[in-house]
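I opened this model to look up its salt bridges, a surface patch and a pocket. My notes are in the order of the checks.

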Amino acid sequence: MPDSGENPSPAAPAATPALSLEAVALVPRLRVLCWAGDVLYASNGYTLLSCRMQSLPLTWREVGRVDTRWWRQITARHRLTSRFARDGFHALAVLPSGHLIGAVPGAIVALAPGERRFRTTHSIPRGTRPLNFAVTPAGEVLWGEYFDNSVRSEVHVYRSRDQGRTWNIAHTFPPFTIRHVHNIVYDRWRDCLWVLTGDVGKECQILRASLDWRKIDTVLSGNQQARAVACVPRAEGIYFASDTPLEQNYIYRLDQSGVPRQLAPVSSSVLCGCSVGDNVFFSAMVEPSEVNRDRQIALYGGSGDDWQRLQSWDKDRWPMRFFQYGNAFLPAGENATDFLALTTVAAAGHDLETSIWRVHAAGGSQ
């Protein structure tokens, strides 16, 4: 089990006094996944851990494990082989009932309260895993198919209404409409689902869906700025950031007017976003292209119209094709604390490390 460790040493300090981060802890070999109030869930390979963020030093406890193939038990032990094999948990959902739903390579797994071994409840036929889960107040869990789909076949959204024991198709995108689903996000302020799809032309969509999927409205579509993965709902609207290697990427806010407001440029494609108190955070990955030339992973934070680049980490020397792009993963879920947690991957000197920060806004703690 990993240590809570010493304070991290990032490559760049906080940018301005308007919003700053105070380093609290560094935990090696741990990947953050999801918040549930003041409890943070993270994984060490195929072992799921949790920590209640109340006092220091942090105390992590084992929640459950996934029994996986013998060779993955070996590759998951080492950072580089784990990156090469895309090992471990990639997403987690915490249900109101206390059940846990996880995405691991090739499968959806579920853990009931009181159990210690995850059970495989769905084998993924196309692709290796969804990028994210959505959970509704009724405890329904949803995820969209994410696979290469070069022939543009139909794409399904799956739903479970029984704590992840069984899965059924909630919605199908017809052939030649989208390439795959990037994200589905529940919005508690508007009691709806935001569905983000990609990748080219009209396939890039931000959709608003009713919880029963009977009504689906296209809010944005048709260009690379509507190509997004990260979406953070707030009372004033939804914040999202574009995910394109073809154009400059930006952070946006979409309010009830239906017109996205461009808030700030970011250095590269964005896959992750979260909120801490009144502030929203996005991380930009290292995904080289003719437009995305920055070789640093970057963390951006802000509220309203004020945004800043807070932290940066250099990409390490290992080839991205085999050992992943440089990125900073941010946890899903509802965070009731003033802590920001993130995991850097393929960062020089900070590979597969979780750092935890206390967020300070102008005028004091968040």
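The entries below start with the ground rules and then go through the charged pairs, the patch and the pocket.

**Ground rules.** I am working on a predicted model, where local features need pLDDT of at least 70, side-chain atom pairs count only at pLDDT 80 or more, and totals for chains, interfaces and linings use all residues. Residues are numbered from 1 along each chain as its sequence is written, and side-chain values use heavy atoms, with hydrogens and water left out.

**Salt bridges.** I looked up the total: the structure holds 25 salt bridges (a side-chain nitrogen of Lys or Arg within 4 Å of a carboxyl oxygen of Asp or Glu).

I took glutamate 22 and arginine 358 to begin with; their side chains meet at 4.0 Å, N to O. Glutamate 22 sits in strand E1 (residues 19-28) and arginine 358 in strand E29 (residues 353-361), 336 residues apart. Strands here are DSSP runs of E, at least two residues; helices are runs of H or I, at least four; both are numbered from the N terminus.

I then checked exposure. Buried means under 20% relative accessible area, exposed over 50%, partly exposed in between (1.4 Å probe, protein chains only). Glutamate 22 is partly exposed at 38%. Arginine 358 is partly exposed at 24%.

Next came arginine 152 and glutamate 203, a salt bridge at 2.6 Å, N to O. Arginine 152 is in the loop between E11 and E12, glutamate 203 in the loop between E15 and E16, so the pair ties together parts 51 residues apart in sequence. I found arginine 152 buried at 15% and glutamate 203 buried at 11%.

Aspartate 199 and arginine 179 pair at 3.4 Å, N to O. Both are buried. I also noted a network: salt bridges with shared partners join Arg79, Arg83, Lys315, Asp316 and Asp351.

**Surface patch.** Trp70, Trp71 and Ile74 form a nonpolar surface patch with about 340 Å² of accessible area together. Patch residues have over 30% relative accessible area and no salt bridge, and nonpolar side chains are joined within 5 Å. Tryptophan 70 lies in helix H1 (residues 70-75). Because its relative accessibility is 62%, tryptophan 70 counts as exposed.

I looked up the second largest pocket: about 290 Å³ of space. Its lining has 14 residues, and Tyr46, Thr47, Arg65, Val66 and Gln73 are the closest to its centre. A pocket is an open set of points on a 1 Å grid where a 1.4 Å probe fits, with protein on both sides within 12 Å along at least five of seven lines; lining residues have an atom within 4 Å of a point. The lining divides into three nonpolar, five polar and six charged residues.

Terms used. Points joined across faces, edges and corners; volume = space filled by probe spheres on them. Nonpolar A, V, L, I, M, F, W, Y, C, P; charged D, E, K, R; others polar. Patch = residues over 30% accessible without salt bridge, like charges linked within 9 Å, V, L, I, M, F, W, Y side chains within 5 Å. Areas by Shrake-Rupley, 256 points an atom, 1.4 Å probe, with all protein chains shown as cover.
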